[in-house]
Amino acid sequence: RVGFPAATNVGGIAKPGGKGWEINGSGWLAAKGDLAFGKSLVIPAQKTLKLRYAFAVDRVGTGDSRQRVDAVLAEADPFKRNEAAFNAWFDKNVPAFQTGEPDILKLYYYRWFLVKRSIHDPKNFIADHPYKRPSIYESPVGDWFCAVIGLPIPVQIQETRWQRDITPGKNHILNWAERVHYQYHDYLQFTPAALWNFYKIHPDPEIRAAVAQPATDYAWKDVPVHGQPQLPVQEGSWPTGAEYQPNFYQFTKPDAWDWRHDVQGHKEGFPYAKSLRLDKASFTIANLYGAANFMEELGNTKSFTDSRNQADRMLKTITEKHWKDGFFYAADPETYRLADQAACYDGFLPFLFGMLRDPQYFTAFDKFFDPDWFWSDYPITTVAKNNPMYWSGNAISGPTASSVEKPHSYPCCWNGPMWNYNNSAMCEALGSVASSPGGERFRDGWIEFHHRWSDSHFVYGDRSVPCAMEHLRPTDGSNFRRQVVDYFHSAWLDSTFSYW
């Protein structure tokens with residue numbers, strides 16, 4: 001029997017007082033074969049010796065590690081058993097898929113592997129862990145990503161809604177509804193909208209009863225004035241998960257385009273930039289529609305009508321006040337001047353989930369496919385290339401308080417790089433337009449975008465094993481954060497099922 005003291009607070013999750021959670025630090029280590037611990041041995045030429053060793057950690061409240069180790073050592077071939085169990089999971093959970101495109105087929109099963117690998121139950125090894133049920137982590141690697149992170153929760157729900165067994169998605173949903181930890185509601189999210197999309201495929205009454213009110217509360221938290229059409233104000237780019245999006249900075253004073261008006265610069269006394277951002281507005285509207293649908297299912301006509309009417313008002317504000325020269329722009333909260341020199345990806349988000357179906361606005365996607373705006377070899381850029389802050393590298397390169405010669409380095413820049421999280425939303429928004437009356441001309445474009453996004457999973461052109469990364473250079477697909485792999489931060493399966 002072995003023991004080891006260990007604690008973790010990955011993902012920023014810690015006990016009160018900042019102390020880490022103690023990992024159950026007992027287990028069993030054993031071996032069998034031709035070699036033995038503590039004994040020296042000379043191996044003659046042409047002689048082969050074999051050793052099998054196994055190690056297991058006791059699950060919380062048990063002493064089962066020895067039993068598990070002994071069982072593995074007694075097996076003829078534990079690797080074949082693991083392989084069979086792995087394949088059995090796919091047989092049970094994954095819908096069959098056929099295509100003549102081998103890369104797409106390989107990516108399809110990889111993205112299901114990504115779902116499987118991301119499901120964890122930390123209570124097995126960490127006593128009193130706050131997650132009540134198994135949950136879905138953002139990534140298996142890193143000091144922050146190995147936990148539930150709020151930003152990708154809706155894309156994880158969108159992805160798992162296509163799984164035959166609803167249990168992993170349902171557990172994630174119930175954890176969110178009960179807010180088992182603050183990070184379940186952290187960052188900007190469109191989770192109530194994703195919950196409704198999940199429920200449409202799996203109309204589970206327990207989900208409906210559990211989420212209707214929490215989804216409504218969450219949707220309304222960002223409504224500025226009940227019954228009025230105003231859009232919410234976003235202070236600083238960090239809560240959006242899209243750090244350094246340039247439309248926050250077009251109106252900074254005394255100098256425009258000053259990235260220091262955000263989290264890092266605020267520590268030096270700079271005020272936060274504020275924006276009527278269309279991600280916050282669009283997500284709030286989508287969430288109101290999702291919450292309304294749940295309340296209609298419950299027969300709560302008043303709440304249904306209230307949420308739907310509020311969403312309609314705010315969507316009308318976007319079309320009436322944020323549309324200019326064929327694109328939707330964020331705006332300055334004080335003057336309502338549009339950030340028309342900073343076309344960012346959030347300008348496409350009003351089209352999510354079929355919210356905006358008026359064909360006169362579909363022309364926004366002409367800029368999506370314009371190489372002088374968003375289109376690239378690995379599309380799309382997260383800000384239009386005609387913006388003064390655009391840079392394809394992972395840094396702030398100007399025009400204020402930084403330059404190409406002296407950039408401001410930051411590992412998660414959204415001033416140009418392609419992000420899988422963003423492309424996930426773009427695939428949905430463009431797919432919604434391409435499948436709507438008046439948007440048929442974008443169908444071929446959706447296929448091309450889907451192919452290019454899919455190709456980015458084959459890092460540096462290696463077709464053998466795809467991998468979901470965090471963000472890439474849009475000109476050549478170079479990966480910016482090599483330590484972030486198998487990153488469940490986007491929904492590729494969902495758009496493939498919905499629009500392929």
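**Entry 1, ground rules.** I call a residue buried under 20% relative accessible area, exposed over 50% and partly exposed in between, using a 1.4 Å probe and protein chains only. This is a predicted model, where local features need pLDDT of at least 70 and side-chain atom pairs count only at pLDDT 80 or more, while totals for chains, interfaces and linings use all residues. Residues are numbered from 1 along each chain as its sequence is written, and side-chain values use heavy atoms, with hydrogens and water left out.

Is Thr191 buried or exposed? I found that Thr191 counts as buried because its relative accessibility is 0%. I placed Thr191 in helix H6 (residues 191-201); helices are DSSP runs of H or I with at least four residues, strands are E runs of at least two, and both are numbered from the N terminus. The side chains of Thr191 and Gln189 are joined by a polar contact of 2.5 Å. For that term I need a pair of N or O atoms within 3.5 Å, one able to donate a hydrogen and the other to accept it, and residues adjacent in sequence count only if both atoms are side-chain atoms. Beyond four places in sequence, Thr191 is in contact (heavy atoms within 4.5 Å) with Ile153, Pro154, Ile157, Trp176 and Asn287.

I looked next at helix H12 (residues 420-434), where Asn420 is found. Asn420 is buried, because its relative accessible area is 2%. Its side chain makes a polar contact of 2.6 Å with the side chain of Trp453, and a polar atom of the Asn420 side chain lies 2.8 Å from the backbone oxygen of Met469.

I found Gln341 in the loop between strand E11 (327-328) and helix H11 (364-368). Gln341 counts as partly exposed because its relative accessibility is 42%. Gln341 and Asn387 are 46 residues apart in sequence, yet 5.8 Å apart in space, C-alpha to C-alpha.

A nonpolar core is a set of buried Ala, Val, Leu, Ile, Met, Phe, Trp, Tyr and Cys residues joined through side-chain atoms within 4.5 Å. Which members of the largest one touch the most other members? Among its 128 residues, I noted Phe348, Phe351, Phe365, Phe368 and Met426. Helix H9 (residues 278-297) gives this core its largest share, eleven residues. Leaving aside neighbours within four places in sequence, Phe368 has contacts that include Phe348, Trp375 and Met426.
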